[in-house]
Amino acid sequence: MHEPALRAAAFGSDPLPDPAVVRGSGSPRARLLAAVVLGAQGRYASAAALLTALRHVGDPVVASLAASTLASHRRQLGGHRHARSLDGEAYAKAASLETERDPDGLDAAGARADALLGLAADNLALGRLTAARRLAERARGEDAGWRAEVRGGWVGAEIELAAGQGVDAVPHAERARETARARGARRHTVKSEIVLAVALLAAGDPDHRKISDDLVGKAMATAEECELLSLLWPVALVAADLRPGHAEEYRFRVAQVLHAVLRSADPCGRRVAGESPWVPVPGG
């Protein structure tokens, strides 16, 4: 009953739906979409409860997407090693499937692309740049639609940034932003703006700093408006670097948001965040 509203929240123009829409009832696909929305809001424990059950449902596409979604939530808290096993599980479930295409990639090709891009991001964070490039290239071969195009742009930019090639990161990030905006996907646009801002800064053109500042301002405003806590603390960290005169204010906001996120995380999420070198310790 709630699937259209859940799709609009997960992948479209309404990332902050009525709470009744995300209570986790309905079909496996509806529960998967609800978990995507909950994770975007930083409500990781509620999302994990749904996704853990969905990893074992009879529909292998939903089971695969549940595993890769849980992996992305672990990765958002710095748990790349834990995410890698989940992404591997996700790929294994979808490797030999063929299904009808879904407009948002909730199909076999989309599931494989999600898993491969997740594995690319996991390997990148673990210092395996060559493996990350290979996995990202395999994901492109799935031709899995707009969402894989956006996520592929994020990962492609992050690979070039890790390689010290800021100029080469920019086209990937621009493609992600253009695709997300054309689709009307607000959450994906916010993350794309963050990635593009970082890529432009790394490219080193002095004119890019103002563009980056504008992108970060827009991304932060939308993340605040739509309560996208999973993106709000990373964009506030970028803002602290871009706006040194207000760095303390932004770092305080990072601590506030992370405190709320970790209170809403499951024990595994809190543990991987505490062990991660990427996640600031609130109050630390």
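Author: First a term: helices and strands here are DSSP runs, a helix having at least four residues and a strand at least two, numbered from the N terminus. Also, this is a predicted model.

Reader: Fine. How many helices and strands does the protein have?

Author: There are 14 helices and 0 strands. The radius of gyration is 18 Å, close to the 19 Å that the globule rule gives for 284 residues, so the protein is as compact as a globular protein of that length.

Reader: What does the C-alpha trace span along its principal axes?

Author: About 55 × 35 × 35 Å.

Reader: And what percentage of the residues is buried?

Author: Buried residues are 55% of the 284. The exposed surface comes to about 12300 Å², with carbon and sulfur atoms supplying 52% of it.

Reader: What share of the contacts joins residues 24 or more positions apart?

Author: Such pairs make up 63% of the contacts with a separation of 6 or more.

Reader: Now the holes. How much space is in the largest pocket?

Author: About 1500 Å³. Its lining has 42 residues, and Arg75, Gln76, Glu158, Lys191 and Val195 lie nearest the centre.

Reader: Which helices supply at least two residues each to that lining?

Author: α2 (28-40), α4 (60-76), α6, α8, α10 (186-203) and α12 (229-242).

Reader: How does the pocket lining split by class?

Author: The pocket lining has 24 nonpolar, 10 polar and 8 charged residues.

Reader: How many cavities of 30 Å³ or more are there?

Author: The search of the whole structure finds 1. The volume of this largest cavity is about 30 Å³.

Reader: Which residues line the largest cavity?

Author: Asp104, Gly105, Gly110, Asp114, Ala144, Gly145, Trp146, Arg147 and Ala148. By class that is 3 nonpolar, 3 polar and 3 charged.

Reader: Which helix gives the largest share of the cavity lining?

Author: α8, with 3 residues. Both α6 (108-125) and α8 (146-162) supply at least two residues of the cavity lining. Each of these helices also supplies at least two residues of the lining of the largest pocket.

Reader: Change of topic: backbone angles. What is phi at aspartate 143?

Author: Phi of aspartate 143 is positive, about 50°, although the residue is not a glycine. Aspartate 143 is in the loop between α7 (129-140) and α8.

Reader: Is aspartate 143 buried or exposed?

Author: Aspartate 143 is exposed, as its relative accessible area is 59% and the cut-off for exposed is over 50%.

Reader: What about glutamate 227, where is that found?

Author: Glutamate 227 is in the loop between α11 (208-225) and α12. Its phi is near 55°, again a positive value in a residue other than glycine. With a relative accessible area of 44%, glutamate 227 is partly exposed.

Reader: Last one, lysine 93. Which helix is it in?

Author: Lysine 93 is in α5, residues 80-94. The residue is partly exposed, with a relative accessible area of 27%.

Reader: What does lysine 93 touch, leaving out residues up to four places away in sequence?

Author: Arg55, Pro60, Ala63 and Ser64.

Reader: And how far apart are lysine 93 and valine 62 in sequence and in space?

Author: They are 31 residues apart in sequence and 9.4 Å apart in space, taken C-alpha to C-alpha.

Technical notes: Residues are numbered from 1 along each chain as its sequence is written. This is a predicted model: local features need pLDDT of at least 70, side-chain atom pairs count only at pLDDT 80 or more; totals for chains, interfaces and linings use all residues. Side-chain values use heavy atoms; hydrogens and water are left out. On a 1 Å grid over the protein atoms alone, a cavity is a set of points where a 1.4 Å probe fits but cannot get out, and a pocket is an open set with protein on both sides within 12 Å along at least five of seven lines; lining residues have an atom within 4 Å of a point. Grid points are joined across faces, edges and corners, and a volume is the space filled by probe spheres set on the points. Ala, Val, Leu, Ile, Met, Phe, Trp, Tyr, Cys and Pro count as nonpolar, Asp, Glu, Lys and Arg as charged, and the others, Gly among them, as polar. The radius of gyration is taken over C-alpha atoms; the globule rule is 2.2 Å times the number of residues to the power 0.38. Buried means under 20% relative accessible area, exposed over 50%, partly exposed in between (1.4 Å probe, protein chains only). Contact means heavy atoms within 4.5 Å. Accessible areas come from the Shrake-Rupley method with a 1.4 Å probe; for residues, only the protein chains shown count as cover.
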